[in-house]
Amino acid sequence: MDVASTASASGGGRWYTGMSADNIKGLVLALSSSLFIGASFIIKKKGLKKAASSGVRAGVGGYSYLYEPLWWVGMITMIVGEVANFAAYAFAPAILVTPLGALSIIISAVLAHVMLREKLHIFGILGCVLCVVGSTTIVLHAPPEREIESVTEVWDLATEPAFMCYAAVVIAIVVILVYRFVPLYGQTHVMVYIGVCSLVGSISVMSVKALGIALKLTFSGTNQLTYPQTWAFTLVVISCVITQMNYLNKALDTFNTAVVSPIYYTMFTSLTILASVIMFKDWDRQNPTQIVTEMCGFVTILSGTFLLHKTKDMADGGLSTSSSFRLPTSSSARFSKQTDNDGEGIPLSSSESFRSPH
């Protein structure tokens with residue numbers, strides 16, 4: 001009885017500790033992060049559309065958006081959101097902060113409907129919900145982060161054979177996507193651009209975590225800036241973020257925001273968790289029930305992504321057939337440019353029925 005009382009008291013102590021002032025700060029920062037990031041998708045797309053009217057679209061390799069002030073407002077908004085998200089991890093555990101990132105999907109979808117007049121079928125909304133539920137399930141059942149005392153410990157984890165193999169596979173796939181699939185299918189299949197962003201993003205998050213640990217230890221009095229590993233992780237972060245932003249801009253400029261946001265979130269979250277499992281050996285500290293629950297969450301994500309792919313078919317009255325699933329790349333790219341200039345929502349894959357004007 002005393003043991004139970006002690007356990008109950010201990011559980012109560014953990015609950016009140018979880019609702020401490022620092023955790024509330026982390027919660028507020030995470031919520032504000034989702035708001036800023038969700039809004040940044042819409043602001044950046046409005047900037048991309050405005051830039052496309054007077055220059056070459058980002059979706060076909062143009063960089064005229066760099067001269068558009070509205071795009072920079074969106075970029076600054078996203079940076080503010082990312083900084084808030086980074087700061088949230090300094091106050092609250094990842095199990096509290098990470099799932100709240102799903103709110104950015106809802107925010108961007110609502111703002112896209114209001115500001116960009118992009119329509120999403122009811123089953124697309126269900127797909128978004130499934131993506132959010134699946135991602136949240138994975139994150140909520142993920143193990144707690146391990147304690148790390150030095151950035152060199154993270155470097156040792158990153159240079160172990162398992163993670164080195166993962167990084168090599170990611171780099172190989174990204175190179176194939178960029179040089180083989182982007183020129184052929186970048187304008188017709190959203191998974192190409194989003195695949196690059198998500199794969200590179202899983203590496204960048206591991207580096208961001210390492211850099212965050214280094215900064216946190218430095219601010220607490222243990223200087224990590226003298227270690228070359230800190231600067232190596234910094235270079236990886238910079239190169240990965242630049243790559244992510246480039247291909248995310250292409251995806252936003254080419255496809256419907258309400259479709260890009262949830263797919264990017266689910267792929268990015270799934271690959272990031274996979275990278276974390278490999279690098280930090282998270283599953284070694286979990287029981288089979290937790291692992292199975294995470295896998296169920298992943299299946300839920302796949303179901304939501306499938307519904308998002310089929311949403312446009314339903315919205316267009318199911319006109320798409322296997323014989324009209326794909327147009328030649330050159331003509332589909334031209335047709336994509338015409339519909340995008342008209343301000344129409346861009347579907348997931350290029351077909352004549354998909355891109356027929358309203």
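The legends below describe an overview and several close-up views of one predicted model.

The model is predicted, so local features need pLDDT of at least 70, side-chain atom pairs count only at pLDDT 80 or more, and totals for chains, interfaces and linings use all residues. Residues are numbered from 1 along each chain as its sequence is written, and side-chain values use heavy atoms, with hydrogens and water left out.

**Figure 1. Overview of the chain, with 13 helices and 0 strands.**
Helices (H or I, at least four residues) and strands (E, at least two) are DSSP runs, numbered from the N terminus. From that end, the elements run α-α-α-α-α-α-α-α-α-α-α-α-α. Of the 358 residues in the chain, 46% are buried. Here buried means under 20% relative accessible area, exposed over 50%, and partly exposed in between (1.4 Å probe, protein chains only). The chain exposes about 17,500 Å², and carbon and sulfur atoms supply 71% of this area. Accessible areas come from the Shrake-Rupley method with a 1.4 Å probe; for residues, only the protein chains shown count as cover. Contact means heavy atoms within 4.5 Å. Among contacts between residues at least 6 apart in sequence, 81% join residues at least 24 apart.

Thr230 counts as buried because its relative accessibility is 2%. Apart from neighbours within four places in sequence, Thr230 is in contact with Val151, Leu211, Ala214, Gln224 and Leu225.

**Figure 2. The aromatic pair of Phe181 and Tyr185.**
A pair of aromatic rings is described by the distance of the centres and the angle of the planes. Rings of Phe, Tyr and Trp (its six-membered ring) pair if their centres lie within 6.5 Å; planes under 30 degrees apart count as stacked, over 60 as edge-to-face and the rest as tilted. By this rule there are 6 aromatic pairs. One of them joins Phe181 and Tyr185, which are tilted, with 5.9 Å from centre to centre and 35° between the planes. Both residues lie in helix α8 (residues 161-185), where they are 4 residues apart, about one turn of the helix. Phe181 counts as partly exposed because its relative accessibility is 34%. Tyr185 is also partly exposed, with a relative accessible area of 28%.

**Figure 3. The aromatic pair of Tyr193 and Tyr247.**
The rings of Tyr193 and Tyr247 are tilted, with centres 6.2 Å apart and 40° between the planes. This pair links distant parts of the chain: Tyr193 belongs to helix α9 (residues 190-219) and Tyr247 to helix α10, 54 residues apart. Tyr193 is buried, with a relative accessible area of 2%. Tyr247 counts as buried at 10% relative accessibility. Lys250 lies over the face of Tyr247, at 6.0 Å from the ring centre. A charge sits over a ring if NZ of Lys or CZ of Arg is within 6 Å of the ring centre and within 35 degrees of the ring normal.

**Figure 4. The salt bridge between Glu160 and Lys281.**
A salt bridge is a side-chain nitrogen of Lys or Arg within 4 Å of a carboxyl oxygen of Asp or Glu. By this rule the count is 1 salt bridge. Glu160 and Lys281 form a salt bridge in which the closest N and O atoms are 2.3 Å apart. Glu160 is in the loop between α7 (151-158) and α8, and Lys281 is in the loop between α11 (257-280) and α12 (288-315), so the pair ties together parts that are 121 residues apart in sequence. Glu160 counts as partly exposed at 28% relative accessibility, and Lys281 counts as partly exposed at 29%. Not counting residues up to four places away in sequence, Lys281 touches Leu157, Glu160 and Ser276. The C-alpha atoms of Lys281 and Leu157 are 9.2 Å apart in space, while the two residues are 124 apart in sequence.

**Figure 5. A nonpolar patch on the surface.**
Leu31, Leu103, Ile106, Val110, Val114 and Met115 form this patch, with about 500 Å² of accessible area together. Patches are made of residues with over 30% relative accessible area and no salt bridge: like charges are joined within 9 Å, nonpolar side chains (Val, Leu, Ile, Met, Phe, Trp, Tyr) within 5 Å. Helix α5 (residues 103-116) gives the most to the nonpolar patch, with 5 residues. Val110 is in helix α5 and is partly exposed, with a relative accessible area of 47%.
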